[in-house]
Amino acid sequence: MNASDPKLVQRDTRARLLAAAPDWRASDARIDPRVAIGSIIAMWMLYFLITTGLAMLSGAPDQWAFVGRRALVVLAGIFCTFTLYQLLQRAQPRSFGARLAAAMGAAIPLVILYATVNLLVFFYWFPSDDTAQIIEEVQSKFPVAWEMMLILDSSIRWYFFFAVWAALYVAFGYANEMRAVERRANSYRLEAKNAQLRALHYQVNPHFLFNTLNSLSTLVMRGSKAEAEAMIMNLSAFLRSSLEIDPEQFVSLDEEIALQRLYLDIEQARFPDRLQVDVDMPDELKNACVPVLILQPIIENAIKYGVAPSKGKIGIRLTASSEYGLLVLRIENDIDPAAPTPEAGTGLGLGNVRERLLTRYGPTAGCEWGRTEEGGFFVSLWLPLARQGC
């Protein structure tokens, strides 16, 4: 796996986001206070209702007197859990394990406080015959510090109750943070994709500009003022159109071909007797959406390697069709067998087209090229057929 592997890049981006901006992480991990406080109240109300309901169903005597005492203990539980929530809000360690350890540790003194309130309510402030019996049993086993033993026993049993809520709070906070990290990573990946599309769009072939300026020089030297002015106007219109267009923009196939006509008008002035262009585009595909200037490198290559070296008329044919939900575009150009074989290209133009398609559409689009049966050259590209958004 190399550095350009998308999965590796995604993991690296996610790791860097996790390691950066502690303020972001604290904010991302914070749960909506209404949800947190609501969960505290709901948990203790559920405990109150279940405990009271079971006690009444069991037929225990004097349960209405215990309802008030239990309500006091529940209020103490809400206060202790809310304090735990406040502590967890203010302490946002970096790792999930550290957060969980902090939550488990912070729960200990609050559980002890809750157990102490429970002891005061049921054994000191509002004692009953049952509690007196419990005190006698504990005192017989622990004559000294029996209160501490009751608090310890109650703390051990209630610690699980507090720990479960704290663990859930930390887990939900961590899940919020992961979702925020993924959103930022997706945003960065989208920005990188758009930057790549712009870089591919703004790759200018100096060969085209050189040939056009050279042709202008020839026309001026020959005194062909009208033709030179027409070429300058065509060049200006083409460059203005190509530079002003947003590289992320979609245009209809009809508009894309119209843009290519501006370029072909320039080349027609260079090769008035050699360049012939035929377009076969069904009416139902004229409004099909394509990335803007996707055909430019292909048409430019056809001129450079097909028309420029030739001595006779060279045809360039563009055919549009739809197959299995895909828009298929095929560009062919003839080759003059008597012309000298041009030097092999670098593949930059066609590679640009393929990269733009893969970057925008993924594996559902592509581009291939090669020799035709007649000895010419073809480029075929395909992309999802869509008629909206352009």
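Asp283 is exposed, with a relative accessible area of 59%. Here exposed means over 50% relative accessible area, buried means under 20%, and partly exposed lies in between (1.4 Å probe, protein chains only). The structure is a predicted model, in which local features need pLDDT of at least 70 and side-chain atom pairs count only at pLDDT 80 or more, while totals for chains, interfaces and linings use all residues. Residues are numbered from 1 along each chain as its sequence is written, and side-chain values use heavy atoms, with hydrogens and water left out.

Asp283 forms a salt bridge with Lys286. A salt bridge is a side-chain nitrogen of Lys or Arg within 4 Å of a carboxyl oxygen of Asp or Glu. The closest N and O atoms of this pair are 3.3 Å apart. Lys286 is partly exposed, at 33% relative accessible area. Lys286 is also one of the residues in contact with Ser252 (heavy atoms within 4.5 Å). Leaving aside neighbours within four places in sequence, Ser252 also contacts Asn287, Ala288, Val290 and Cys390. Ser252 belongs to strand β1, residues 250–252. Helices (H or I, at least four residues) and strands (E, at least two) are DSSP runs, numbered from the N terminus. Ser252 counts as buried because its relative accessibility is 11%.

Four salt bridges are found in the whole structure. Arg317, Arg330, Glu332 and Asp334 are linked in a network of them. In the pair Arg317 and Glu332, the closest N and O atoms are 3.7 Å apart. This pair links distant parts of the chain: Arg317 lies in strand β4 and Glu332 in strand β5, 15 residues apart. Glu332 also pairs with Arg330, with the closest N and O atoms at 2.6 Å. Glu332 is buried, at 19% relative accessibility. Arg317 is partly exposed at 29%, and Arg330 is partly exposed at 30%.

The largest nonpolar core has 44 residues. Such a core is a set of buried Ala, Val, Leu, Ile, Met, Phe, Trp, Tyr and Cys residues joined through side-chain atoms within 4.5 Å. Leu295, Leu357 and Leu381 have the most contacts inside this core. Elements that each supply at least two residues include α8 (206–222), α9 (225–244), β4 (314–323) and β7 (377–384). Helix α10 gives the most, with six residues. A second, separate core of 36 residues includes Cys80, Leu88, Ala103 and Phe162.

Leu357 is one of the buried residues of α12. Others among them are Leu350, Val353, Arg356 and Tyr361. The end C-alpha atoms of α12 are 20 Å apart. This agrees with the 20 Å that its 14 residues should span at 1.5 Å a residue, the expected span being 1.5 Å times one less than the number of residues. After α12 comes Gly362, whose phi is positive, near 80°.

Helix α3 (residues 33–57) has 25 residues and reaches 36 Å from its first C-alpha to its last, close to the 36 Å expected. Its buried residues include Ala36, Ile40, Trp44 and Phe48. Ile41, also in α3, is partly exposed because its relative accessibility is 39%.
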